[in-house]
Amino acid sequence: MKVAAVSGATNPVNAANPAEPADSGSSQGVKAQLRLREMILAGELPGGARIAEVAISEQLGVSRTPVRTALMRLEQEGLLEALPNGGYAVRTFSERDVADAIELRGTLEGLVARLAAERGAAPVVLREARACLARIDELLREPALDDAAFSRYVTHNERFHALLCEMAGSPVIAQQLERVVNLPFASPSGFVIVQANSPAARDMLVIAQDQHLQVLDAIESGEGSRAEALMREHSRIARRNLREALHGTPTAEQRPLPGVQLIRRRG
């Protein structure tokens, strides 16, 4: 995960410093949010840990106001929970919670694909989606993916899913899908990293890419039911990766999944 660097010190906005950007407070809030998210996913702030606003403010070198904003945003993302007596704690998730979030994304993306096929997607969006898949094809021509290639795959994969949502032309569904995708571990690339450096990594990505291509073909052909079924099946790859992350035996080469320690495994 690429996270913006957080500076060691900040200057508060005030009238005595007219050169200070008007949105610097907002910028500090975003930086604090990114850094806090990184700390949670890296296990620096373990599940159940209460967040001390003052301590975090001192650690990040920012005032309490952007930290407070960051905490509220991370609660909205689902990584924190508000405590009854005030403050926040790092959330944990059951394996079922995460599986349900992935299933919900698959259901909504299936609906998006069906509507795109039935209503007709804009040609310019279809062309951009084809170009995106062509870039993924180029990456998968290599017998193995290094870290740089894998990072590019994640970028193109997320872009394709965003274009798919755009094809349906439904702001209402797009808003709901955005909410689901922002749930912890529910994004299209949320568990793709499990495949990195594993022996079958490229094979699984090839399967996912074939589903991408079939969905686009179904949308262009107006086959709504087929497009919907393909996208729902596509989400099952993430479910499979979830099981692998929690119950598989990692090899020495496999990278750990960020935040996996927040998921409570089934017995």
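Read along the sequence, the chain of this predicted model follows the pattern α-β-α-α-β-β-β-α-α-α-α-α-α-β. The secondary structure amounts to 9 helices and 5 strands. The chain has 267 residues, of which 44% count as buried. Contacts between residues at least 6 apart in sequence were also examined, and 75% of these join residues at least 24 apart.

The mean pLDDT is 82, and 82% of the residues reach 70 or more. Among the elements, helix α5, spanning residues 123-140, has the highest mean pLDDT, at 96. The lowest mean, 80, belongs to helix α1, which covers residues 24-41. Over residues 1-23, pLDDT stays under 50. For this stretch the model has 24 contacts beyond four places in sequence.

In one of them, helix α4 (residues 95-119) and helix α7 (residues 171-181) have axes that come within 9 Å and cross at roughly 155°. Angles over 145 degrees count as roughly antiparallel, and α4 and α7 are therefore roughly antiparallel to each other. The crossing of α4 past α7 is left-handed. On the α4 side, the contact is made by A101, L104, R105, L108, E109, L111, V112 and L115. On the α7 side, I173, Q176, L177, V180 and V181 take part. By class, the residues of the contact of α4 with α7 comprise 10 nonpolar, 1 polar and 2 charged.

The other pair consists of helix α2 (residues 53-60) and helix α3 (residues 64-77), whose axes lie 9 Å apart and which pack at an angle of about 115°. Because angles of 65 to 115 degrees count as roughly perpendicular, this arrangement makes α2 roughly perpendicular to α3. The crossing of α2 and α3 is right-handed. Helix α2 contributes E53, V54, I56 and S57 to the contact, while helix α3 contributes R64, V67, R68 and L71. The contact of α2 with α3 divides into 4 nonpolar, 1 polar and 3 charged residues.

Set side by side, the two pairs read as follows. The crossing of α4 and α7 is left-handed, whereas that of α2 and α3 is right-handed. The contact of α4 with α7 includes 2 charged residues, and the contact of α2 with α3 includes 3.

Key. Residues are numbered from 1 along each chain as its sequence is written. This is a predicted model: local features need pLDDT of at least 70, side-chain atom pairs count only at pLDDT 80 or more; totals for chains, interfaces and linings use all residues. Side-chain values use heavy atoms; hydrogens and water are left out. pLDDT is the predictor's confidence in each residue, from 0 to 100. Helices (H or I, at least four residues) and strands (E, at least two) are DSSP runs, numbered from the N terminus. Contact means heavy atoms within 4.5 Å. Axes are lines fitted to C-alpha atoms, for helices over the stretch in contact, and angles run from 0 to 180 degrees between N-to-C directions. Angles under 35 degrees count as roughly parallel, over 145 as roughly antiparallel, 65 to 115 as roughly perpendicular and the rest as oblique. A crossing is left-handed if the near helix is turned anticlockwise from the far one by less than a right angle, and right-handed if clockwise. Ala, Val, Leu, Ile, Met, Phe, Trp, Tyr, Cys and Pro count as nonpolar, Asp, Glu, Lys and Arg as charged, and the others, Gly among them, as polar. Buried means under 20% relative accessible area, exposed over 50%, partly exposed in between (1.4 Å probe, protein chains only).
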